[in-house]
Amino acid sequence: MSPAAGGAAGPTPQVSLTGVHMSYGRRPVLRGLSCCFPAGAISVVLGGSGSGKSTILKLIGGLIKASAGRIDVAGRNVVGLRESELYVVRRGLGMMFQNGALLDSMSVFDNLAFPLREHSRLSESEIRTRVHESLAAVGLDDVDELLPRELSGGMVKRVALARALVGRPSILLVDEPFSGLDPLSTKLIEALLVRINRQFGMTMIVVSHHIPSTMRMADRIVLLLPDSIVEGAPAELRTSDDVRVRHFLTEETDDSDAVLAKASEFEQGERRPDRHRGTGANP
Amino acid sequence: MTESVTRLGRAAGGISEELGRLAAFAARILAVTLRPPLRFGEFWAELFKIGVLSILIICVSGVAVGMVLSLQGYTTLVRFGAENSLGAVVGLSLIRELGPVLTALLVTGRAGSSVTAEIGTMKATEQLDGLRMMAIDPIDYVVRPKAWAMAVAMPLLSGLFIISAIAGGYFVGVQLMGIDGGTYMSSMENSVDFENDVAGSLLKSVVFGIIVALISTYRGHTAEPTSAGVSAATTSTVVLASVTVLVFDYILTALWGV
């Protein structure tokens, strides 16, 4: 299974955001955000709740519109594209939604076969082979006939990942892959993402709250802070001079009162209206 | 005074805006309608859910309405010695008015609300976004089959309602009240005109089908992606579609005399 074989759009599978503004109603979420996601790397977007992490994925996929700025996806600026033009870009993208977003009226097999039946001229036997390849890539078999409601949380995530992979995208967007999972399933999904990235050289943009997994799997981290962003490799961020970066990265592993107090300070900062102003600053 | 006018103006602006969005939504359904693949499989599945699964409620309601209509009609007509016209009264009321209108109201409650809830839930659980990310237009795949199935099912169900009601009316009038069966049927046959009454009834049910299809799919598609949002959209479908059907019933009757 090679990436982009299914008709990826554009030459370079790389994503960049430049001066992106985005609001939900009157509530600004992103103010002039600029960051980039290198080709072939696992980039993890970190940040507090409501900081706009999932919004970034939806903007990249064109599911929501930025009010200003530029978003380059595989060489095309998706801001301002019509829905029909976005469909061309999306054929090169795969997205794993936080809750799977599997079509609940279809079996697992049909969920995976559906995009292939819609967009390719593969025969049913080729589709069957491709679906089983994708399911095998996420460590699932004998689930063809199951409906999404019959799957466990971890299995839903894996089927959603398999569906995102089945079209062989060049860029994979992954929203909160570890939320609601037990430690074992978390490590399984983490290992799957790393293996798929290494095997197919796929550009991955992962939104997560899970610091330990992030530190292990990420090639690059984009940390959304209340008033700026910080980008860099995990090792760089771990030794950052910025105390907020260190606090954020230690939050998950330390539950002392001091950290809880710092978390509360961070949350208050999050509520300030002028967050994510300006471009990213490297640590 | 100025404030009231301003408020009225804002409300009118809001309604115009919403009507504009609804028209754009209808245009999108029409635009994808003839675009291949035609999705007959999805259409038949929806026709089954909207049409076939409504048959029982339509038949039971039809029989009940026909029985009541016949009973009320007989009690009134007998005062004037005109009980032999019962078939005409029952037939004309059902074909011209009650059949299409009551069917539209029943289908709105049973199937329209479920269409809205289904699309709204798909939106709340990101299934519509999932389709968009797979480069599949939700209007094409989800909305189109439901809208057309609703529009096609409505006249068929209306016909079924009318037949059931005529049968219910026959039972009360002939079996219970003792009117002659031949008189009941011939009075109906002589008074019902195909061009004016039956074709008019068909026109009404087609218009009502389009109204309910459009409102129920639009409300689902624009529902807030929360459980409260889906619930509000479902309620709104029932209220708005019912009122619109009644308003259009008057308009059609007044303009074309159907």
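**Close-up 1. Helix α5 of chain A, residues 153-166.** This helix has 14 residues and reaches 20 Å from its first C-alpha to its last, close to the 20 Å expected at 1.5 Å a residue; that expected span is 1.5 Å times one less than the number of residues. Helices here are DSSP runs of H or I with at least four residues, strands are runs of E with at least two, and both are numbered from the N terminus. The model is predicted, so local features need pLDDT of at least 70 and side-chain atom pairs count only at pLDDT 80 or more, while totals for chains, interfaces and linings use all residues. Residues are numbered from 1 along each chain as its sequence is written, with chains lettered from A and ligands numbered from 1 in the order in which they are written.

**Close-up 2. What covers α5(A).** Look for A:Val156, A:Arg158, A:Leu161 and A:Arg163 among the buried ones. The cover includes β6, α3, α4 (124-137), β7 (171-175) and α6 (183-200) of chain A.

**Close-up 3. Helix α3 of chain B, residues 55-79.** Here 25 residues reach 36 Å from first C-alpha to last, close to the 36 Å expected at 1.5 Å a residue. Its buried residues include B:Ile58, B:Gly62, B:Met67 and B:Tyr74. They pack against α4 (86-124) and α6 (138-176) of chain B. B:Gly81 follows this helix, and its phi is positive, near 70 degrees.

**Close-up 4. The contact that takes residues from chains A and B.** Chain A puts in 14 residues and chain B puts in 10, where contact means C-beta atoms, placed from the backbone, within 7 Å. On chain A's side, α2 (83-90), β6 (93-96) and α3 (108-119) each give two or more residues. The most come from α3(A), with three. By class, this side of chain A has eight nonpolar, three polar and three charged residues (Ala, Val, Leu, Ile, Met, Phe, Trp, Tyr, Cys and Pro count as nonpolar, Asp, Glu, Lys and Arg as charged, and the others, Gly among them, as polar).

**Close-up 5. Domain 1 (1-35) and domain 2 (40-256) of chain B.** These bounds come from an automatic or database domain assignment. The domain centres, taken over C-alpha atoms, are 26 Å apart. Eight residues of domain 1 and nine of domain 2 take part in their contact.

Notes. A residue is buried if 20 or more other C-beta atoms lie within 10 Å of its own, exposed if 12 or fewer, and partly exposed in between; C-beta atoms are placed from the backbone. Two residues are in contact if their C-beta atoms, placed from the backbone, lie within 7 Å.
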